[in-house]
Amino acid sequence: MNESRNFSRRQFLKVAAVAAGGSLLAACQPKVVEVEKVVTQIVKEEVIVEGTPKIVEKVVEKVVQVTPVAAKATEVRYMWWGSEQQRAIDMQLDVFKDLAPNVKMNSELVPWAQYWDKLWTALAGGDAPDTFWLNMSNFASLSAKGQLMNIQPNLDADEKLKTDWELNFDSLKAAYVFEGDAYSWPRDYDTITLAVNRSLMDEAGLPMPDSANDFAAWDWAMCKQYATAMTKKEGDRTTQYGMVAQNTSQTGWFNWVYSNGGTVLNEGRTQFTLNEAPAVEALREYVSYRREGLAPGAESLQTMGASDQFSTGRVGLMHIGSWNVGTLNTSVVDFEWDAVPIPYAPTGKSMCMIHGLGNTIAKNTKVAEAAFTWVSFLGSFVGSGVLGNSDTVIPSRADTAPLWFSPQFKPDNRALFLTWTDKSLFFPNTAEPTTAQWNVHITNEMTLVMEEGKDVQEAMDTAKAAIDDILAGKAV
C-alpha cells in the first residue's frame, strides 16, 4: 500500500501547465512542427463550494513548437498488444514521423495470448524487437536477467529528458527502476471499477448507487442485491446475468481480497497468504456470484467474451480497467452505461489494483539511439499528450493524465479511476522466482473452485504448499 501513496489524488490535481519542447535528442534541424491538439489540457482544481469540496476544470490550449531530431536512416521495431489501443499508437506514430523522418517505425501488434511467449523467446534468441511494452511482473524478471537497456545514462545526460521522466507519477517511476536505475519509461496507469448497465438497472427498479462519501453505501450486500435483481431466467436457462466474475486477478478477485484486508503474499514476498481468513472470506463472496447463478460461467464466457456480453446488454455489472473505457464508449450503443467502485467489504474499505505499462528497449538492440529517440518521444509532453487525447488509457505523466478525464468523454463517473488511485495497490510481483512461476498455481486452483466447486480454503491451502516451496527456491 505504501507504494501507491506517492501517487495521490492531490498530487494529480496540482497539474503544472508545462509546455515541453524538443527533448528527444540533442541534435536538431531547423524545421519546426506545430502540434495543437495534443497539448490541450484539462487543469483540475479542488475548491470549496458552500462547504463542499468540488473539482472544477479549466481548459488550457497551447501550441508547442517541437523540433525534429537529426538521426540517420534507421528502422525501429515496436511490439505491443491490445487492438483497442491501435488508435493511440497510430496517432503517436503519425506525430513521430514528422519529428524523426529518418526513423522508420515498424509497429507490431501481437495478441495478448501470444505476446509473452514471443517476447521471452525473442529475447533469449537474440531477435527481440528494439522497443516493446512491458508490464510490472515481467519487468521484475527481465531486468534481473539483464535483458533490458539501462536508460538512466541517457536521462542523466539531458536535463530536458530528466524533467520529462520526473513528471511521471512517483509510484510508476519506482515500478520501472532496477537497482536505482531506470530500465523502462512509464507509459500509462490503470485502476479498476465496475461498469454498470443503467438500462438494466432501471428495468430492475434499482436507483444508481448514491455517490455520497465515495459511494460508501455501495457494499457487498448492495452489490449482491443489484446483481440478483438484474439476473433473469427463462425456465432453467439464464438469459441475463447480474455480474461478471472471472478467474482473473486484476479485473477480478484481487480487488475483493484487498478490500477485505487480505493479501496474496506476505510483506517480504516469501510466503503465500491468500489462504488466510480475510482473503478466503473475500474469495468466497466473489465466487458466490458464480455458484448462485448470478454470473456467467466459463462455457458462456468462451462463447461470448465478458466485454461483448456487457456491450450487448446481457450483463448488468462488469469489472473493468480504465483501458476498457474507450472501447466501451464505442461498442455500447443501445444503452447508457456508467461506473461504480469496487463494493466496500465488511472492513469498510474499497480497494483496487493499480498497474501501468512501460516502454522498454532491448539491451541488445543495434539501433539504441533511434530506439531511445522513440521511447523518449512517447514519454514527452507531446507523445504522452497524444495518448491522453486518444481516450484509450491514462498517461503516466502528471501534466497529461488530466486529458483522459476530459468531460467530453463518458462515463459520467469517469473520475472514479482517479479517486481510487489513493485506494489502490500493486500486485506483489517477484523477480526470482518469476511471478508467472507461482501465480499459475492460484489460477489453477481458482479454476477448480469456480468451475468444479472445490472449497476455497482447501484450494488456497493446496496453492500455499506449492507456492511457498517455489518462493523458497525448493521447486518450480
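Begin with the salt bridges, of which there are 23; the term denotes a side-chain nitrogen of Lys or Arg within 4 Å of a carboxyl oxygen of Asp or Glu. The model is predicted: local features need pLDDT of at least 70 and side-chain atom pairs count only at pLDDT 80 or more, whereas totals for chains, interfaces and linings use all residues. Residues are numbered from 1 along each chain as its sequence is written, and side-chain values use heavy atoms, with hydrogens and water left out.

**Arginine 77 and aspartate 127.** Select these two residues, whose side chains form a salt bridge at 3.7 Å, N to O. Arginine 77 belongs to strand β5 (residues 74-80) and aspartate 127 to the loop between α4 (112-125) and β7 (131-134), so the pair ties together parts 50 residues apart in sequence. Helices (H or I, at least four residues) and strands (E, at least two) are DSSP runs, numbered from the N terminus. Arginine 77 is partly exposed at 22% relative accessibility, while aspartate 127 is exposed at 52%. Here buried means under 20% relative accessible area, exposed over 50%, and partly exposed in between (1.4 Å probe, protein chains only).

**Two further pairs.** Select arginine 187 and aspartate 188, which meet in a salt bridge at 2.6 Å, N to O; both residues are buried. Next, select arginine 237 and glutamate 234, joined in a salt bridge at 3.2 Å, N to O. Glutamate 234 is exposed, with a relative accessible area of 51%.

**Lysine 224.** Move to helix α11 (residues 220-229), where lysine 224 is located. Lysine 224 counts as buried, at 16% relative accessibility. Beyond its neighbours within four places in sequence, lysine 224 has contacts (heavy atoms within 4.5 Å) with Glu285, Ser288, Tyr289, Glu292 and Leu294.

**The largest pocket.** On a 1 Å grid over the protein atoms alone, a pocket is an open set of points with protein on both sides within 12 Å along at least five of seven lines, and lining residues have an atom within 4 Å of a point. The largest pocket has a volume of about 1,800 Å³, the space filled by probe spheres (1.4 Å probe) set on the points, which are joined across faces, edges and corners. To centre the view, select Trp112, Asn135, Thr248, Ser249 and Gln250, the closest to the pocket's centre of its 47 lining residues. Finish with α20 (435-452), which gives the most to this lining, with 7 residues.
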